[in-house]
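Q: Hi! Could you walk me through this one? I'm new to reading structures.

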Amino acid sequence: MEKYVVESKNPEKELMRIDLPISGMSCASCAARIEKGLSAVQGVSKATVNFAAEKATVVFHPDQTALSQLIDKVKDLGYGANSEKVILPVQGMTCASCVNKVEKALKSQKGVIQASVNFATERATVEYIPEEVSIRDLKKAVQDAGYQVLEVKVGESTLREEDIVERERLAREAELSRLRWKFVSGAILLVPILILMYGASLLEKWLGLSRGMNFFIQFLLATPVQFWAGWQFYAGFWKAARHKTSDMNTLIAIGTSAAYLYSLIVTFVPHLIMVRGLMIDVYFDTSAAIIVLILLGRFLEARAKGKTSEAIKKLIGLSPKTARVIRNGHEVDVPIEEVIPGDLVVVRPGEKVPVDGVVREGYSSVDESMVTGESLPVEKKSGDSVIGATINKTGTFKFEATKVGKNTVLSQIVRLVQEAQGSKPPIARLVDIIASYFVPVVILIAIITFVVWYFLGPHPALTYAFLNFVAVLIIACPCALGLATPTSIMVGTGKGAENGILIRGAEALETAHQLNTIVLDKTGTLTRGEPSVTDVIESEGFTKREILILAASAEKGSEHPLGEAIVTKAKEDQLTLLDPKNFQAIVGYGIEATIDSREVLLGNLRLMEERKVRLNGLLGKAEELSGEGKTPMFLAVDGKTAGLIGVADTLKENSKEAVGILHSMGIEVIMITGDNRRTAEAIAKQIGIDRTLSEVLPEGKANEVKKLQAQGRKVGMVGDGINDAPALAQADVGIAIGTGTDVAMESSDITLIGGDLRGVVTAIALSKATIRNIKQNLFWAFAYNTLLIPMAAGVLFPFFGILLHPIFAAGAMAFSSVTVVSNALRLRRFKPPMN
């Protein structure tokens, strides 16, 4: 659960957000009903339900409603809110007050529904939502309260940590197995029904099978299909009816029951509906075939939906199970759950980095492609950060664990992807409104169809009216409507994570495809954010080596970025630095110091002019460096010009390529920076940026974005620093560079885990592909229902003599949702655009 601040009447009041796993939904109407029910609970600020992800996201006031009330409401609506129960054997309790203390500690954990402690048995029974709180968290709560937990039991099995993904996989496999068994059994029974139905005259001729006996055998075969294979539809229908509502199960149950009951009357009391002595047929084949075909559709749909969450499964599967930790001077393999911040962890070549941390000893290259999307291994040395689940390629190194459990980068990625998959884009709101009215409208259309055909249809009117009534009920498919958006969002956000792009919500995914202007912050976004020495130009009587030694020695210990760049260059060249004396920083100009009894000045042109130092022809060189976007620094020794050092924040290697691809997509690229106009334009010219916004103060960046939006532009802002956060929040889509600050990432809609600017291109391209996929799904879902429901009602019969038999209607309905999910799965083939 997360905290939200209410911006209305009570600004200090906090809201809680929780994701409830929901079971038992069969169509979009179910999702709409749960949303409505949860929204009606006192204290609930907002509730949204994702049919494809089978999750409800609820934002509520914890002081007005409890988590248990939300769970009870979902169950009262006839659905399941998946929770787990765990037994914690607690040691150290001595009296009843200990019981209250342990209970209070457990109930304080977010995600705990109920907790009760039995003093006599020394056990705590906890009901909780595994997606929100882990057994490890529960154990820690008890231990923090001053007690000990021996082991954890779920049923009869002992677990160290809940494996939610594995449990979901097992549940999905059980569901698939059940559907497969029911479908196969139903199909086996359906085959002889079809033979009896369509081969009745031959069977009567060859075997003497009378019409009445034929109908009776069909009844015997169809009954288990109707009430065993199709029982789930009746159960769903009853749940909906109890709450005075309707859903997909309602349509199936009414349609198949009508066919079955009609056939039952024809079989046992035909005189009740026989007209003028005409022979009347049974429709056991229709009811049975409808159920079998829908079961087949449900099976294929469930199998396909399982694939939409593959990205999450891949991400979670990246994490290693154990870590090699140094404890008491010895290397010990421990479960990853037992690694704590501060532990020194050893990683050998070919092994996975178990948790996040900082290298303390050793050197290696690490493959971070599975997290950042970067294909080339990244060099790691002492002081560098490493990410859990990445693969060590060459050397052995030791690192200090800094983030473990839910705080690791991988866990954050999984959380963000799951939240994004559970969110809804604005395009889905219309679908939700339609879905809430869909089933009642279909039932009304079916009744009107029956009445019209019964009174105005040709002879036998009852048969026509009955068949068309069933066809309308069966062909309607709210499932396709309900799956159209969330399946594409799930696959799209998962694909983004595979490419190192974290999309915080479906709204950002939808908006990104509309962007026509990208504003790029210069420092840390286009450039590396770390100035480096690019040029060393010597004056007469001095060498480049001597210039670097004197300048770096003067800047030794400096915290100024330009000074640090010079010191870093000297160290890279393995130069021995001298200790400065009489160091003095001259604000706005540079520095002066005594190096080896020589007076050294290092600074800008104004410093040289003030000290009346002759430049010996270096002024022209300095102007050239400035024209290239570099900062010229003059070095003077004992009043004479020694040389010129050019320092620049170098461009990232893929910046130019990213800008070129953005141009090819028809997007204007703007650079925003605090640098002077000349420097900004020099950098922009190097990589082909359309225009620059220079000399912009940090607090002015958001205003510049506002100005662009006032011109009717859809603006994406890309930045990495704290001062970029307001502009990221102001933009239509804020894109944070993952190598930047946490503040920037929290303010953004999309986070690029790596520092590669091509991720912006990939994010926009993925947004375009996902929205295009959603629109295809919605077109199919709307077109299917718009065209086929009237056809099932018989509107083509007066003109072309065409009627849609209920069996064909069932087949079309069964495969419509499969088509939507299969189309969404095509997004898995998405590849980032190349220049």
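Q: Let's start with Ile-518: what stands opposite Ile-518 in strand 31?
A: That's Gly-716. Strand 22 (residues 517-521) and strand 31 (residues 715-719) run parallel, with four bridges. Strands are DSSP E runs of at least two residues and helices are H or I runs of at least four, both numbered from the N terminus.

Q: Before we go on, what kind of model is this, and how are things counted?
A: It's a predicted model: local features need pLDDT of at least 70 and side-chain atom pairs count only at pLDDT 80 or more, while totals for chains, interfaces and linings use all residues. Residues are numbered from 1 along each chain as its sequence is written, and side-chain values use heavy atoms, leaving out hydrogens and water.

Q: What's the mean pLDDT of the chain?
A: The mean is 81, and 87% of the residues reach 70 or more; pLDDT is the predictor's confidence in each residue, from 0 to 100.

Q: Back to the sheet: in what order do the strands come?
A: The order is 21-33-32-31-22-29-30, seven strands in an open sheet with mixed pairing. Strand 21 (501-503) and strand 30 (691-693) are the edges, each pairing on one side only.

Q: And which residues touch the most other members of the largest nonpolar core?
A: Leu-20, Met-25, Leu-70, Ile-518, Ile-750 and Val-760, out of 142 residues. Such a core is a set of buried Ala, Val, Leu, Ile, Met, Phe, Trp, Tyr and Cys residues joined through side-chain atoms within 4.5 Å. Buried means under 20% relative accessible area, exposed over 50%, and partly exposed in between (1.4 Å probe, protein chains only).

Q: Which helix gives the most to this core?
A: Helix 28 (residues 758-793), with 15 residues.

Q: New topic: how many salt bridges does the structure hold?
A: There are 24, each a side-chain nitrogen of Lys or Arg within 4 Å of a carboxyl oxygen of Asp or Glu. One of them joins Lys-380 and Glu-368 at 3.0 Å, N to O. Lys-380 lies in strand 17 (residues 378-380) and Glu-368 in the loop between strand 16 (364-367) and helix 12 (369-372), so the bridge ties together parts twelve residues apart in sequence.

Q: Is Lys-380 buried or exposed?
A: Buried, at 8% relative accessible area. Glu-368 counts as buried too, at 8%.

Note on methods:
Pairing = 2+ DSSP bridges.
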